[in-house]
Amino acid sequence: MPAKSVNDIVALCKRRGFIFTGSEIYGGLGGAYDYGPYGVEMMKNIRNAWWNAMVYSRNDIEGLDAALISNRLMWKYSGHESSFSDPLVECKKCGARMRQDKMRDQTKCDNCGSTDITEPRAYQLMMGLSIGATADGAINAYLRPETATTTYVNFKNVLDACPHKLPFGICQIGKAFRNEISPRGFVFRMREFEQAEMQYFVNPQDDEKYFEMWKKTRLDWWTNVLGIPADKLRFKPHDKLAHYAKAAVDIEYEFPDGFDEVEGIHNRQDFDLGSHTKSQSDFKINANVLKNSDSTTKLSYSDAQTGENFIPYVIETAMGVNRAMLAVMLSAYTDEQLPDGKSRIVLKLKPALAPVKAAVIPLARNVPELLTTAENIENDLRKLGIGRIELENSGNIGKNYRRHDEIGTPVCITVDHQTLEDGTITMRHRDTMAQERVAIADVPRRVLEIING
Ligand code: ATP
C-alpha cells in the first residue's frame, strides 16, 4: 500500500530523523524546516544525482554557486522588485489570508467558507534585507528568490573563464527564499527552500529544438534516476505564460491529493540577458525589458564564424530539491503486509538515494568476537567511500531490520555465530527480505554492486 497522505511521510520523517519542524522547541516557524541526519544524506544524494547528470555526464554545462544575498539593482532589472508577487486576499469574517490562485474556490474563504473576501492585492514575495554598518533599516539588498538571476549576471564571467560555443549551460544548486503567503504541504511550499536550476544558452533560431530536448531529458531523469514511475508524472503546459516566456511546461508529480508542480521548463527568450546587459540598444532584444542604465557589462555572445554579436535565448530547467525528495519518499513509501500477518513500512528507494548504504549488525550484543568482526566489516565498507555505513549494536535484530526498512537501507549485513565458524555473514535485501550467506571477503564487492544498481 502506498502512502495514504503526506502525513505518513511527515510522521516517518520526524520518527526516523529526516525532517524536523524549524525552530520546533519555540513553536516552529511557518515554512521553515530542519533536515536531520537522514534528511541531509538524502538531499545530498539527490543533489549529487542531479549534478552528475547535468555537469559530470556532459561537456556543455558549467557549475556555479552564487551568493544568497544580492544587490538590489539585480532584482530591479530582473523585474522581481516590481512584479514578483502573488495575489493576496483576506477573509473579512475570520481574517484568514490566502493566495487567491491557490484557493479551493476563489469566491469562498478556505478557512471558514465566508464569501466576504477582499479584492486581491499584489503581495511581494522577496525577503528584503538591511545590511551593512550604515543600514538605517531600509531595504538595500534581497535574499534571492531563485538561483536563475544570479546565474544570468555571471554569464560573462563564466564564458570568459570557460569558453564555450552555443549551446551551453550554467547550473546551480542552492537556497532560495520566498515570503509565501501560505506555506503548506509539509516541504512542498516553504519560505526557505532549495532549487537545482540550469540555464541553457542557445542561438535564438534553435530555441524550440532545445526546449523539447530538455523536456525529454528532465522527465527521463525523474524516472530513471529518481525512480519515480512514469505514470506518476506528467507534463502540464502553463495556461498563462509569464510576460518573458515563449513556452513553459511543468513536470507534475501525482501527490496523494493530486498532481502538482515539481519542476518547470521554460523558454525565456532573451529576456534575462537582455534585461541585465549594458548597451541594450546595441542589440535586437525581442523580449520586453526594462531600460537598464546601471549594468556595467555586455551579456552578449560573439559567434566566431558569422562575426555576429547577439543576446542568446535561455531555456531553463528549474527543480525544487525539497519537492523532489518529498516525491521520491512518497513514491518509495510502502506499507506492506507480510505472510506472517505482520506488516512493515519500507522505503523502496533507489540505492544511490538511500541515506544509509549498508548496516552491519552483530546478532548479539555482548559477544566481543561478533562485535569485532562487525567493526572490521564496517571499516571495510567505509573505505569504499559510498556514503553512510551504520553499525547497530543493540542486539535486537528485528528492531534493527524495521528501522533500516523505514529509512530505506538497501542491505543489512548480520554477523552471527556461524560467521565465527565459516567466515560468512547473512546479507538481507531490503525489498525482497531475501537472505543469503556471503563470504566476508566478498561483502564490499557485493555492496558496491547493489549500490551502483
Ligand atoms: P509555484 O507555482 O508552486 O509557486 P513556481 O512556478 O513559482 O512554483 P519556480 O519559480 O518555477 O516555481 O521554481 C522552480 C521550482 O522550485 C518549482 O518547480 C518547485 O519545485 C520549487 N519551488 C518553488 N517555490 C517553492 C517553495 N515555496 N517551496 C518549495 N519548493 C519551491
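# Exercises on a predicted model

5 residues of domain 1 are in contact with 5 residues of domain 2, where contact means that the C-beta atoms of two residues, placed from the backbone, lie within 7 Å. The structure is a predicted model, in which local features need pLDDT of at least 70, side-chain atom pairs count only at pLDDT 80 or more, and totals for chains, interfaces and linings use all residues. Residues are numbered from 1 along each chain as its sequence is written.

**Exercise 1.** Describe the two domains and the side of domain 1 that touches domain 2.

*Solution.* 
- Step 1: Domain 1 covers 6–69 + 133–329, and domain 2 covers 354–451; the bounds come from an automatic or database domain assignment.
- Step 2: Taken over C-alpha atoms, the domain centres are 39 Å apart.
- Step 3: On the side of domain 1 that touches domain 2, helix H1 (6–16) and H2 are the elements that give two or more residues. Helices (H or I, at least four residues) and strands (E, at least two) are DSSP runs, numbered from the N terminus.
- Step 4: H2 supplies the largest share of this side, 3 residues.
- Step 5: By class, this side of domain 1 holds 3 nonpolar, no polar and 2 charged residues. Nonpolar covers Ala, Val, Leu, Ile, Met, Phe, Trp, Tyr, Cys and Pro; charged covers Asp, Glu, Lys and Arg; the others, Gly among them, are polar.

**Exercise 2.** How do the axes of helix H2 and H9 cross?

*Solution.* 
- Step 1: The axes of H2 (residues 37–56) and H9 come within 10 Å and cross at roughly 110°. Axes are lines fitted to C-alpha atoms, for helices over the stretch in contact, and angles run from 0 to 180 degrees between N-to-C directions.
- Step 2: H2 is therefore roughly perpendicular to H9, a term for angles of 65 to 115 degrees.
- Step 3: H2 makes the contact through Met 42, Met 43, Ile 46 and Arg 47, and H9 through Val 321, Ala 324 and Met 325.
- Step 4: These residues divide into 6 nonpolar, no polar and 1 charged.

Technical notes. Angles under 35 degrees count as roughly parallel, over 145 as roughly antiparallel, 65 to 115 as roughly perpendicular and the rest as oblique.
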